[in-house]
Amino acid sequence: MPTEEYKKAYIFLSNKCSKKEISSIEALKACSKFKLKIVEKNNLINELKKRNFINHERFSNAFVHDRLNFYRWGKNKIIHHLKQKGIEEFHIDKAIESISDELYYKVFSEEAIKKYQSMKTPTDFQSKQKLMKFLYQKGFESELVFNEVEKLFP
């Protein structure tokens, strides 16, 4: 028989999950404000998964879409953050594969050009390093960054 605290936590998390996608780890953190035993927390997470409130495939697809289109992150940074959220490799790989190459390169190119144009002296070595560092921090791949920087800095 579920306790009152368990029922409150279930209602809270099911409402939260119906508004936005969350991972199991995020749900576990959210239920820390309720006085539940570890077994009850695990049962709660499993119940939410069973009722499809928590779905890692759906979460990873939404996360990839949002981080690419709104935050303009590269694949490396997206993958790293999904791993931190406890998403399985299978779901991560599937979500990353769903990114079209055209869209990815367009986002990458726009970010590189925008940063390049914002530089005061875009011809010196330090500016080249700054652009490369910026693109690496955004999570774009080394080969892609190097080729783009070579195009922008003749």
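The buried residues of helix α1 are Tyr-6, Ala-9, Tyr-10, Leu-13, Ser-14 and Cys-17; buried here means under 20% relative accessible area, exposed over 50% and partly exposed in between, with a 1.4 Å probe and protein chains only. Viewed along the axis of α1, these buried residues fall within an arc of 125°, so they line one face of the helix. That arc is taken from the directions from the helix axis to the C-beta atoms. On the face turned away from the buried side, α1 carries the exposed residues Glu-4, Ser-18 and Lys-19.

A word on the model before going on: it is predicted, with local features needing pLDDT of at least 70 and side-chain atom pairs counting only at pLDDT 80 or more, while totals for chains, interfaces and linings use all residues. Residues are numbered from 1 along each chain as its sequence is written, and side-chain values use heavy atoms, with hydrogens and water left out.

Helices (H or I, at least four residues) and strands (E, at least two) are DSSP runs numbered from the N terminus. The 16 residues of α1 (residues 4–19) should span 22 Å at 1.5 Å a residue, and the end C-alpha atoms are 23 Å apart, which agrees. The expected span is 1.5 Å times one less than the number of residues. As for neighbours, the buried residues of α1 pack against α2 (24–30) and α3 (38–50), where contact means heavy atoms within 4.5 Å.

## Two nonpolar cores

A nonpolar core is a set of buried Ala, Val, Leu, Ile, Met, Phe, Trp, Tyr and Cys residues joined through side-chain atoms within 4.5 Å. The largest one has 26 residues, of which Ile-78, Leu-82, Leu-131 and Leu-135 touch the most other members. Two or more residues each come from α4 (56–69), α5 (75–84), α6 (89–97), α7, α8 (125–137) and α9 (142–152), and α7 gives the largest share, five residues.

Leaving aside residues up to four places away in sequence, Ile-78 touches Phe-63, Val-64, Arg-67, Leu-68, Trp-73 and Ile-96. A second, separate core of 15 residues includes Ile-22, Cys-31, Phe-34 and Leu-36.

## A buried glutamate

Glu-111 sits in helix α7 (residues 101–118) and is buried, with a relative accessible area of 3%. Not counting residues up to four places away in sequence, Glu-111 touches Arg-72, Phe-134, Leu-135 and Lys-138.

## Rings and charges

The structure holds nine aromatic pairs. Rings of Phe, Tyr and Trp (its six-membered ring) pair if their centres lie within 6.5 Å; planes under 30 degrees apart count as stacked, over 60 as edge-to-face and the rest as tilted. Tyr-10 and Phe-53 make an edge-to-face pair, 6.4 Å centre to centre with 85° between the planes. Tyr-10 lies in α1 and Phe-53 in the loop between α3 and α4, so the pair ties together parts 43 residues apart in sequence. Phe-53 counts as partly exposed, at 24% relative accessibility.

Phe-63 and Trp-73 also form an edge-to-face pair, at 6.4 Å centre to centre and 65° between the planes. Phe-63 is buried at 5% relative accessibility, and Trp-73 is buried at 12%. Ring pairs link Phe-59, Phe-63, Tyr-71 and Trp-73 into a cluster. The charged end of Arg-67 sits over the ring of Trp-73, 5.4 Å from its centre, and that of Lys-75 over the ring of Tyr-104, 4.7 Å from its centre. Such a placement requires NZ of Lys or CZ of Arg within 6 Å of the ring centre and within 35 degrees of the ring normal.
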